[in-house]
Amino acid sequence: MTRAEQQIIRKAAAGDRAAFRELVLEHSHAMFRLAWRISGDQNAAEDIVQEAFIKAWRKIGDFRMQSGFRSWLHRITVNTAMDYLRKQARVKQHETPQPELEHLAAGSTSPKHDIQIDVQAQTRAAMMNLSDTERVALMLRHFEGHSIKEIAQILNMSSSACKQAVFRAVKKMRVELAPLVTT
Amino acid sequence: MKNITDDDLTLLYYGDHENPELATEVARSPELTRRFDALSADLQRIDELVPPARHDDYGSEVWRQIESRLTPEYSTVPSRWRSWLSTLMQPRFSLAGAISLVLVASLAFMLGRQAGQPEEDTPPLSVQLTAADAAGMGPDRLLTSSVSGHLDQLNLALTQFANRPGTSSGQAERATDMLVANRLYRKAAADQGKKQLAQFLAELEPLLIELAYEAHKVSPETLSRMQSEVRNTLLFRVRVMNQQLKQPNIST
């Protein structure tokens, strides 16, 4: 973390809204990507990002400079997303979340493009068939580059349990995607 | 080497494996190479998960959506007060410090009341200050005199902090006491319209927070940076302000 970032965070922690706005501008895109990969839904991801920033504003006074701000934000985003999914699960019990296709379908003009959309949709569906913990662990390792130790901290679990979650996620994904790979 | 599992290969793929010979082992064995390539191909499928693009202004849009929800009740201030109260409950908050803070709080309360009311309406003081403290001193002098004493203590504590190789729990305890006192004096100064003094005390707070809650946990580099800031800037400012407070003719 640079000294400038530390200054901004300190100001935000002291209640400076302009400083907090800078943090929102800086991290919104990355938080959206993470929230979307966890939730599998664009609207949900937007809600999660907003909720996560509001929580961050409330908790930024507790942030400790020696830990990474990005990891701290990821932890809040992950927790917010998992809360969101739990609420959704209560509403739609046993219903498999449908992969979001609108953005993929837009501009679809050729059979090749349609096949590509199909592959993405199936990959998305496979990902959504993982448990929340497995999916988050795999997302944080694969896309965000967090170490096993960092992911374990974010998910509040042991490193060993976190590693096992990644292993299970990989195994399940391979089974789900096997037909696609051989196609 | 023991049997190499797909879990080992997953760790290798993500660079998490602790066995430095694993990569060589996989490269030497056609069978392991085939398995590793298959695993890699499967994992690369995950890259297909490309989130829908957000426009460049997405951050501003998020800000517009949440700005009105960042009301004071959501701000960090209540949380700070809560942590303040929890700090009071922690053993490291010394009894002596707590007692002296009751006096500081009483003083700040009294000064705030006096500042907010016309002279003739000032009620009898019911706070637990000694009569001698208040006798012969208007609220203005009482505040500057009290803050001066506070800055004397701060000067001593900061000098010790700046010149010692490490930190101790005792220092954190004193910093906690001073942080609380500092906030009370800042509020009293603001109530009396002493903007410069209130501003100065406000600027001390981030450092006192660091000293109270973080200095004993930070890396040697950060500690050295903090000590350097105290030595090069803050101690000087504390001393100058204290000198001003001790000269009754200079307005703060």
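Which residues in helix 1 of chain A meet which residues in helix 2 of chain A? In this predicted model, local features need pLDDT of at least 70 and side-chain atom pairs count only at pLDDT 80 or more, while totals for chains, interfaces and linings use all residues. Residues are numbered from 1 along each chain as its sequence is written, and chains are lettered from A and ligands numbered from 1 in the order in which they are written.

On the side of helix 1 of chain A, the residues are A:Ile8, A:Lys11 and A:Ala12, and they meet A:Ala19, A:Phe20, A:Glu22 and A:Leu23 in helix 2 of chain A, where two residues are in contact if their C-beta atoms, placed from the backbone, lie within 7 Å. Helices (H or I, at least four residues) and strands (E, at least two) are DSSP runs, numbered from the N terminus. By class, this contact of helix 1 with helix 2 of chain A divides into 5 nonpolar, no polar and 2 charged residues; Ala, Val, Leu, Ile, Met, Phe, Trp, Tyr, Cys and Pro count as nonpolar, Asp, Glu, Lys and Arg as charged, and the others, Gly among them, as polar.

Two packed helices are described by the angle between their axes and the distance between the axes. For helix 1 (residues 3-13) and helix 2 of chain A, the angle is about 125° and the axes are 7 Å apart, the axes being lines fitted to C-alpha atoms, for helices over the stretch in contact, with angles that run from 0 to 180 degrees between N-to-C directions. Helix 1 and helix 2 of chain A are therefore oblique to each other, since angles under 35 degrees count as roughly parallel, over 145 as roughly antiparallel, 65 to 115 as roughly perpendicular and the rest as oblique. Their crossing is left-handed, a term used if the near helix is turned anticlockwise from the far one by less than a right angle, with right-handed used if clockwise.

Helix 2 of chain A also packs on helix 3 (residues 42-59) of chain A, where the axes come within 8 Å and cross at roughly 135°. That angle makes helix 2 of chain A oblique to helix 3 of chain A, and the crossing in this case is right-handed. The residues of helix 2 of chain A that take part include A:Val24, A:Ala35 and A:Trp36, and those of helix 3 of chain A include A:Val49, A:Phe53 and A:Trp57. This contact of helix 2 with helix 3 of chain A has 13 nonpolar, 3 polar and no charged residues.

As a whole, chain A has 9 helices and 0 strands, and 38% of its 183 residues count as buried, a residue being buried if 20 or more other C-beta atoms lie within 10 Å of its own, exposed if 12 or fewer, and partly exposed in between, with C-beta atoms placed from the backbone. Among contacts in chain A between residues at least 6 apart in sequence, 64% join residues at least 24 apart. Chain B has 11 helices and 0 strands; buried residues make up 26% of its 252 residues, and 70% of its contacts between residues at least 6 apart in sequence join residues at least 24 apart.

The largest nonpolar core has 49 residues, and those with the most contacts inside it are A:Ala35, A:Val49, A:Phe53, A:Ala137 and A:Ala169; such a core is a set of buried Ala, Val, Leu, Ile, Met, Phe, Trp, Tyr and Cys residues joined through C-beta atoms within 7 Å. Helix 2 (residues 17-39) of chain A gives the most to this core, with 9 residues. Leaving aside its neighbours within four places in sequence, A:Phe53 is in contact with A:Val24, B:Val62 and B:Ile66. A second, separate core of 31 residues includes B:Val147, B:Ala212, B:Val238 and B:Met241.

The contact between the chains takes 34 residues from chain B and 41 residues from chain A. Helix 4 of chain B gives the most to the side of chain B that touches chain A, with 7 residues, and the residues of that side divide into 16 nonpolar, 8 polar and 10 charged.

A:Ile76 lies in helix 4 (residues 69-91) of chain A and counts as buried, with 23 C-beta neighbours inside 10 Å. A:Asn156, in the loop between helix 8 (148-154) and helix 9 (159-182) of chain A, is exposed, with 10 other C-beta atoms within 10 Å.
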